[in-house]
Amino acid sequence: MKNDSQKQVSDDSLTPLAKRFLWVESADKVRLAIYILAGLCAVLFILDFVVHRHAYAPNENTPGFYALTGFLAFSFIVLGAGLLRKLIAKPEDYYAPNAVDAEDYPEEGLNREEFAPDEIVENKPGSGS
Amino acid sequence: MLLSAPFLFLIASAVLAFIPQRLRAPLMLVTPVLALISIIGFGTGNHGVLNILNFELVLYRIDNLSFPFGVIFCIAAFLASLYAWHVRDLTQQVATLGYAGAALGGVFAGDLVTLFIWWEATAITSVFLIFARGTPAAMATGMRYLIIQVLSGVLLLAGLLMHFHDTGSIAFNHLGLQSTGTWLIFIAFGIKCAFPLMHNWLQDAYPAATVTGTVVLSAFTTKMAVYTLARGYAGTEMLVYIGAVMTLFPIFFAEIENDLRRVLAYSLNNQLGFMVVGVGIGTELALNGTVAHAFSHILYKSLLFMSVGAVLYRTGTSKASELGGLYRTMPITMVCCVIGAMAISAFPLFSGFISKSLILDAASKNSYYVVWFCLVVASAGVLSHSGIKIPFFTFFAHDSGKRPAEAPMHMRIAMIITAFLCVFIGVFPGFLYSILPHEVSYKPYTFSHVLTQMQLLCFALLAFVYLMKVGLHPHELRRVNIDSDWVYRKGIPSILPGVAASVIALNTRSREWALKRLERLGIQVARYASPTGPLADGWGVKAMVGAVVVLMFAILLFNLWPNA
């Protein structure tokens, strides 16, 4: 039942702020965002050859040092973590019952509330388009 | 002295129990404001100096180093109290104010005895924020947390007694690693600062606290420890390397952790690493960096814990595998979370940028090139787990189908104020720089600095996009990952029954063996000593003479022995 009501939340009933982010649902627009990021990276990379930077550490002044470090460090961390998981991952109830990993958060500390579009629609007449 | 910031908090937390429900939350908001006024009003100097049994206790030392910590602790207590406006649980409210007061007390303590008292007080007040979750699992986690925190306190006490024995002073100034006593104090600080292999209490306990309790916990204990290290061990070279390790290893754990509050706990550990490196380098620039980073870190880390907490409050889970697509119905929480993520990733115009760069610059200027490179790599790692993972898997990624309502009004206000501060400090660093311990001549916004930071972050983002595209980015799985706390949570408990069984078996067997020997001895004695046995026979003359000769020879030898 809960799931039904959740699925009824249509894009039109979202707040104006949320609507500004709906582009992430569109594959084309996400691709555009990636192209923009790639373009930005290209510009930043080229700037390295144009501008002289101050540097203290060895190799820091080599063009592309930070770009390469950023890309490789990120990849190393993500891939390394993937390998690490193979060694150390355990089922969620591994430490149960002495750890909270496998238990639900107690309901009395929560205030679950479903998104209520009607209220919001009243608040923003005219901004629907 | 009752008007000093720590005591204001303690008095308020005691008063809470006696006032009506509706006045409690407002009192929790007013107290940090009054405390901040107290800190500024008292001004620099040693206040509350007591002479007890020839010990000079300094209860309220305000100087260039303790002042910024006092200010940020008051701000953090205010924001956390605002975020917890809805909480009606008196235990949590009392614990929050008591804990904040204890942490302020620790920061303003001018001697080691006062520090010890507040040090233990932070442990016994904060644990109630974990117990307050109310489940047996939370009780067990809280006990683990308490044991380690109290252990740290006991080491501090032992260290300060030895230090007093060595030097005759309990003053808390620069200590350095020079004696057993100062080593013990160093380890006590290191436990609370979550040094490698002493860090597990943090990742174990913080995700087990209540929604609001985690926000409170994230601000105080570890930063009080950073302050004490900066006070007592600035320039201790070992800290540079400890800090470098701290920045690196939690990243890998954060990357694969499913519970987002635990991801943030690992990320907290990693941020502490940057501060510890700054303490280790110990120059004016580096210490400024440590203090500035602690200041901005408390804000963006609170903000991240608040946004994940708001999601937990609305959906009942903080697990990445269960979340996704929440930006539709929680856009304000999402925007605040992204601001926190950009601040911790140190994007230009955000607070992390203007504080972390002080430490990185200090590392390269002092020729710690390897450490400096570790910090650069760790900066890319911060982007991966806090900058991308937290907001992306909560609010975007695959749609979980959950459509929770936006966070309650008071949480939104708390998050928006915190987010504003993260940006404000980033855009106008002068305000933060003006309260740092030493004069700041550093300019964060140089062209080459902005350029290099943007290169690092944008190419790391590009790596993220690439790894997602090719499917190499680890998926979010419902798993726990074991860390070094496995030793005391599983390892030792699992071998204990075996060890006990072997001790019992050894005991039984050795008794059996001894009894058997005794029995055999009895039989032998009976055989020799019986009326017909060999001992009952009379001695022959030859044997008697032989025995006397041997005895006399022995006496002769004995008398010949020099100096006998």
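Cys422(B) is buried, with a relative accessible area of 0%, where buried means under 20% relative accessible area with a 1.4 Å probe and protein chains only. The structure is a predicted model, in which local features need pLDDT of at least 70 and side-chain atom pairs count only at pLDDT 80 or more, while totals for chains, interfaces and linings use all residues. Residues are numbered from 1 along each chain as its sequence is written, chains are lettered from A in the order in which they are written, and side-chain values use heavy atoms, with hydrogens and water left out.

The sulfur of Cys422(B) lies 9.5 Å from the closest cysteine sulfur, that of Cys336(B), which is too far for a bond. Cys336(B) is likewise buried, at a relative accessible area of 4%, and its own closest cysteine sulfur, in Cys337(B), is 8.7 Å away, again too far for a bond. Over all chains the structure holds zero disulfides, a disulfide being a pair of cysteine sulfur atoms within 2.5 Å.

The lining of the largest pocket comprises 29 nonpolar, four polar and five charged residues, where Ala, Val, Leu, Ile, Met, Phe, Trp, Tyr, Cys and Pro count as nonpolar, Asp, Glu, Lys and Arg as charged, and the others, Gly among them, as polar.

Definitions and conventions: Buried means under 20% relative accessible area, exposed over 50%, partly exposed in between (1.4 Å probe, protein chains only).
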